[in-house]
Amino acid sequence: MDVIGNGFIEALRLLVTLDPEVLEITFRTLQVSGTATLISILIGIPIGTALALNRFFGRGFLVSVVNFGMGLPPVVVGFVTWLMLMRHGPFGALGLLYSPTAMIIAQAVIASPMVAGFTLAAVQAINPKLRLQILSFGTTRMQYLLLLLWESRLGILAAIIAGFGGVISEVGASMMVGGNIRGYTRVLTTATVLEVSKGKFELAAGLSIILLLLSFCIMAALSHLQQRGRQ
């Protein structure tokens, strides 16, 4: 309990003094996880919508793949990404390993199935009669899709929340492909692991509390948008 109490004091000290290294790590955490979430939105929402609205051979298999992807162990994603980006891997010539870009790629792979799965469920939950009513207005294909996505906005916001929550708290894949390099790839989760390994438990607790505060603020903002959408 002393470690937790001292962790709160350390977190307060780091925030009040605007510790440059902690600010840098925090901004990098937002940059990496925010970019990965944005990529997952661009990938996951179209895939989830397409699977919800279309019936074709192999659809059941693809839905199973999406649902399977929602539970992928991050360390496995990190290992596969590392194999793809290592010097002798298929994309080794790009020189992306141990960089923020590699971390973004790994986190986007983790978040995309979550966004796709929640979007699929949200669009499927729309009343079929409402779909027919929208079509009866003579809407174009694009207007039809946009209206369906608008009607599914609460579920899609839940998809974004799940995707962001899955990556901002992730450590295994980030450390495996990012390397936890000071001033370059270190984020709040990997910094916390490092401080624990060094025996600096109060500092690790302080960084954990800052990560929790950051996650709570972002989740609260997204939840506010979701509840406003319901109203």
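Me: Let's start with Arg28: buried or exposed?

Reply: Arg28 is buried, at 9% relative accessibility. Here buried means under 20% relative accessible area, exposed means over 50%, and partly exposed lies in between, using a 1.4 Å probe and protein chains only. Bear in mind that this is a predicted model, where local features need pLDDT of at least 70 and side-chain atom pairs count only at pLDDT 80 or more, while totals for chains, interfaces and linings use all residues. Residues are numbered from 1 along each chain as its sequence is written, and side-chain values use heavy atoms, with hydrogens and water left out.

Me: Thanks! Which residue does Arg28 meet in a salt bridge?

Reply: That's Glu24, at 2.7 Å from N to O. A salt bridge here is a side-chain nitrogen of Lys or Arg within 4 Å of a carboxyl oxygen of Asp or Glu.

Me: What about Glu21, how far is it from Arg182?

Reply: Their closest N and O atoms are 3.1 Å apart, and the two form a salt bridge. This pair links distant parts of the chain: Glu21 is in helix α2 (residues 20-53), while Arg182 is in the loop between α9 (172-178) and α10 (188-197), 161 residues apart. Glu21 is partly exposed at 28% relative accessible area, and Arg182 is exposed at 60%.

Me: And which parts does the Glu21 pair with Arg186 tie together?

Reply: Glu21 lies in helix α2 and Arg186 in the loop between α9 and α10, so the pair joins parts 165 residues apart in sequence. Their side chains meet in a salt bridge at 4.0 Å, N to O. Arg186 counts as buried, with 12% relative accessibility.

Me: Switching topic, what is the average pLDDT?

Reply: The protein averages 87, and 98% of the residues score at least 70. pLDDT is the predictor's confidence in each residue, from 0 to 100.

Me: Which element has the lowest mean pLDDT?

Reply: Helix α6 (residues 128-136) has the lowest, 73, and helix α5 (residues 100-124) has the highest, 93.

Notes:
Helix = DSSP H or I, 4+ residues; strand = E, 2+ residues; numbered from the N terminus.
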